[in-house]
Amino acid sequence: MVVIANRLPIAFDDDSDTWMPSPGGLVSALTPILQRTQGSWVGWSGVADRDFEPFAYAGISQVPVSLSQEDYEEFYVGFCNGTLWPLYHDSVRAPQFHRHWWRPYREVNQRFTDVAVSRLGPDDVAWVQDYQLQLVPRMIREAKTVHRIGFYLHIPFPPVELFAKLPWRVQILEGLLGADVLAFQSRSSRTNFAVAARRLAGAHGSSRRLEWQGRPIELQVAPIGIDTNVFGKMATSERTRVAARQIRAHLGDPDAVILGVDRLDYTKGIDLRMRAIQTLLERRRDLTGRVAFVQIAVPSREDVAEYRRIRADIEGLVGRINGDFAEVGRPPIHYLYRSVPFEELVAYYRAADVMFVTPLRDGMNLVAKEYVATRYDNTGALILSEFAGAAEAMTQAYVVNPFDVDGLADTLEEAIGTASDPGNPRMKALRRSVASHDVFWWADRCLAALDV
Ligand code: ADP
Ligand code: G6P
């Protein structure tokens, strides 16, 4: 199997001259699968204007694709993250349509295709990932006969009313329809795609099976999961227990710790989450000093203007709330703008009584699942946005509308009250659902459809 994704699972860090894990859910999900199947991974190194030879790392054969600085600006910052990302996330920010970003999108998709094709034999399966590479399925089909071409969309596919605005909507649909199997995080994404393909690209058939240019295309719903054992094991280790206790001690041993962990992205609803905290503290002055909020924000796409804007907004809010409610040495919000190593992330999950996950729209949200996987004692509460793919199965979470700031504050207050209860039936049910639909379940489902 050859996986083709925009990013390799590791990114080259120019400052330290070393490879570091890449951010985001796609990499978290696919790494354990490729380690098991011994496939190769075609992707970008994460730095522009650098060429790397193929190499092996973490048991995976890594095949780097180069992007120039111009590709980075027009393909990655531009079409991928200025046009497609907001459009596919319900247009929570206005997507930018620029004609001069389309050609680079096509060219970079062709480059990924050429590298993939050089690695693919006639019995191999090509598994293309995510919105950055939607033209690749058709390009591979035109270049070479392979056993199967699969495509997995990690983000939502938008309703046709929004998608139809894209000036290159037909080309994108035709690119995707080059696959044998198209898989989505949720039923609604699959339906949205089928509607768009019928209405705008002349496909026929149902939401499960389309026909296009005389070929059948299977449409699959396969919600992505996590490697629960890895999180469970790390959570129960003595080092993590000690680290979690230390985190709570550093926070002043509050009655409740509330945690947010996200890439700093406007789709994650971090700003409205901060407003909910502000509302709660205004209502319940007595909680000041007794409740600690921790927000870990992972730097992401800092060259995209909207990301710089949302960062400034969030940091302004944190400053204002801390200014209003802090006592000396006791700010209500502890804000970390950095990536944290896996061990530390798990220690934060273990230290948290309430996990606050409020995306305005999210393909899945793995952070919600990771938190649950670390709650081996059934303690803790998960607040989860109804607009995250994860909410489809995690019905036992405190499911919220992330736009409703007062409602968020109400739920927060309720969750704080129940989180330390070890008999919490919600957490037990959540743990069962996350464990039974883990990343291996997901991969088996996708790979069976691809006949791997
Ligand atoms: P997205 O794919 O939009 O980034 P997800 O919640 O699906 O959102 O996936 C995020 C992934 O990134 C998770 O696997 C999570 O463990 C990882 N991650 C999130 N925050 C951090 C952090 N501060 N440091 C390291 N890894 C992080
Ligand atoms: C999400 C997307 C991935 C992307 C990741 C990190 O998980 O679905 O395709 O790789 O975010 O974003 P970045 O732009 O840094 O690759």
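How do the residues of the shell around ligand 2 divide into nonpolar, polar and charged? There are 6 nonpolar, 4 polar and 4 charged residues, where Ala, Val, Leu, Ile, Met, Phe, Trp, Tyr, Cys and Pro count as nonpolar, Asp, Glu, Lys and Arg as charged, and the others, Gly among them, as polar.

Before going further, some ground rules. This is a predicted model, in which local features need pLDDT of at least 70 and side-chain atom pairs count only at pLDDT 80 or more, while totals for chains, interfaces and linings use all residues. Residues are numbered from 1 along each chain as its sequence is written, chains are lettered from A and ligands numbered from 1 in the order in which they are written, and side-chain values use heavy atoms, with hydrogens and water left out.

Back to ligand 2. Of the 14 residues around it, the nearest are Arg7, Tyr76, Asp130, Gln132 and Arg301; to be counted, a residue needs a heavy atom within 4 Å of the molecule. Now look at the polar contacts (pairs of N or O atoms within 3.5 Å; within protein, one must be able to donate a hydrogen and the other to accept it, and residues adjacent in sequence count only if both atoms are side-chain atoms). The side chain of Tyr76 has an N or O atom 2.5 Å from an oxygen atom of ligand 2, and a polar side-chain atom of Asp130 is also 2.5 Å from an oxygen atom of the ligand. For Gln132, the distance to a ligand 2 oxygen atom is 3.1 Å. On its own, ligand 2 has 370 Å² of accessible area, and the protein covers 93% of that (Shrake-Rupley method, 1.4 Å probe; for residues, only the protein chains shown count as cover).

Over to ligand 1, which has 16 residues around it, the closest being Gly25, Ser28, Arg263, Lys268 and Glu370. Arg263 puts a side-chain N or O atom 2.7 Å from an oxygen atom of ligand 1, and Lys268 has a polar side-chain atom 2.8 Å from a ligand oxygen. Ser339 instead faces a nitrogen atom of ligand 1, at 3.4 Å. Why does ligand 1 lie between domain 1 (2-224 + 439-449) and domain 2 (228-435)? Because both domains give residues to its shell; their bounds come from an automatic or database domain assignment.

Finally, Leu30 sits in helix 1 (residues 25-37), helices being DSSP runs of H or I with at least four residues, numbered from the N terminus. Leu30 is buried, at 0% relative accessible area, where buried means under 20% (1.4 Å probe, protein chains only).

Methods:
Helix = DSSP H or I, 4+ residues; strand = E, 2+ residues; numbered from the N terminus. Buried < 20%, exposed > 50% of the residue type's maximum accessible area, 1.4 Å probe, protein only.
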